[in-house]
Amino acid sequence: MSAWTSSAPEQLDAWRRLGTLAQSVVAAPRGRSSTPLSGGSERLGPLLIDYSKQRLDDESKRALVALAEQSELPAAIAKLCAGEPVNVTENRAARHMDLRMSANAKAEVADERRRFLALAESVRNGTWRGTTGRPAAAVVHIGIGGSHLGPELVVDALAPAATGPEVRFLANMDGHAVNAALAGLDPATTLVVIASKSFTTLETMLNAAAVKSWFLERTCDPGAIAHHFVAVTANTAAAEQFGVPQAGCFRLWDWLGGRFSLWSAVGLPIAIALGSEAFEELLAGAHAVDEHLRSAPLHRNVPVLLALLQIWNTNFLGASSHAVLAYDRRLKLLPDYLQQLEMESNGKSVRLDGERATTHTCPVIWGGEESNGQHAFHQLLHQGTRAFSADLIACAKPAHDLPNHHAWLLANCLAQSKAMREGRAADEPHRRVEGGHPCTTILLDELTPRALGALLALYEHKVFCASAIWQINPFDQWGVELGKELAAPIYARLRGKGKSATQDPSTEALANAIRSQNRVL
């Protein structure tokens, strides 16, 4: 199993240097730094990234950049950009950046994009007709994880600009979610998109089967499945067996991981809701960040800097959690999206060389919609005992005509980062706020498809850069498999088909309690 460097991160000179520098930072007062960072912001297209409220000075920044160099991060970035197999446990490339190229896109990517964008436009303009001759009034997108979180975030964030039919998302295997997704819909005017790379994912296929039953019960027309259901998958044989013809299947590739897939046909609901032009703008914004990652020097490379800041805060300043605070209601789903992107990618404890990691990797990612959070969990942030870091994300220009609201929203965003970093001295101990919590503020000029594409690609590349320094593989998720394996025999037990001897006493007792209350099972 190969890696771009054979050294564990803590063996590097720069890592040891950062440990020494961190001791003086931790010992210093937690408010305003006595040696502030010079030039703590970068402009990246429609994004302004301000990290001047980090607990960082010029010397520690230079040491962080040295860590990136000694970790051979430039070589890792070059391998990613060249399409080499950076997913070492599965011997695959991670070529999601190919999906964001336009004029120079590879033929297989360009052809598939043309296909799904053509379907999107036909649904939008009414030329797509159901089997009864009526246009689509609604689209139900069925997926989970990477095939769900990205598209739902983008559609929800850009909803004010949506001009297509209603798009609903179904991910949770809870039957209540199925009922909510289908409530009030007419199957004759509904298009169903099933997004699953393997076409075997439990939640997705359970929901797909339920929606198929709903459709057949109301239409009594099995032949209509082929027209009203489409699939986004790498397993076209399974999709065809479900009832989706090959013409209704849109391709995924083995080099594309779910949490990096919204740029592919997984983004079909985005194109349906917003149009092909908006989808292309989303790709263009991400592609610009790809080019920045490829070409910018380390000390000015924004994804690299965000990764280094995460490592500084997590491994040296003791921040075990990272808050994503979205000061724009349209970005309320961003914390959910980033939870999967970061924690499923970098929540690892084994290095690329197969040895156990001896440093912490990804912090816990969490967050919420602001300013609501200020009246919920910010008390803990300001006066709690836990160390954390935070990203505050806002838009300079709103899409509404309530300037007073927007000024107050942005004032609170800036005030919260100031309070987290500087705190407040007070004679009364109960009013004292220590401060010293490192913050980055990301300011979008306005929330457009291009700006959102840039923001999401920025976080994608931050994740990869951090993984390269931690020496872990961000493109697999073997830990997810264990729960799936354990669920199957428990399901059988709940349905009265399994043997009690196969379960531990605690699980068996809970299964019996459930069965005693629910004879339907």
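1. In this predicted model, the lining of the largest pocket is made up of 15 polar, 13 nonpolar and ten charged residues. The volume of this pocket comes to about 1,000 Å³, and among the 38 residues that line it, Lys197, Thr201, Gly258, Gln477 and Lys484 are the closest to its centre. Two or more lining residues come from each of helix H7 (202-219), helix H13 (334-346) and helix H17 (479-494).

2. The second largest pocket has a volume of about 470 Å³ and a lining of 13 residues, with Met173, Leu202, Leu206, Ala487 and Tyr491 lying nearest its centre. The elements that supply two or more residues to this lining are H7 and H17, and it is H17 that gives the most, with seven residues. Sorted by class, the lining of the second largest pocket holds nine nonpolar, three charged and one polar residue.

3. As to the chain as a whole, its secondary structure comprises 18 helices and eleven strands. Along the principal axes, the C-alpha atoms occupy a box of roughly 75 × 60 × 50 Å.

4. Where contacts in the chain join residues at least 6 apart in sequence, 75% of them link residues at least 24 apart.

Technical notes
Residues are numbered from 1 along each chain as its sequence is written. This is a predicted model: local features need pLDDT of at least 70, side-chain atom pairs count only at pLDDT 80 or more; totals for chains, interfaces and linings use all residues. Side-chain values use heavy atoms; hydrogens and water are left out. On a 1 Å grid over the protein atoms alone, a cavity is a set of points where a 1.4 Å probe fits but cannot get out, and a pocket is an open set with protein on both sides within 12 Å along at least five of seven lines; lining residues have an atom within 4 Å of a point. Grid points are joined across faces, edges and corners, and a volume is the space filled by probe spheres set on the points. Helices (H or I, at least four residues) and strands (E, at least two) are DSSP runs, numbered from the N terminus. Ala, Val, Leu, Ile, Met, Phe, Trp, Tyr, Cys and Pro count as nonpolar, Asp, Glu, Lys and Arg as charged, and the others, Gly among them, as polar. Contact means heavy atoms within 4.5 Å.
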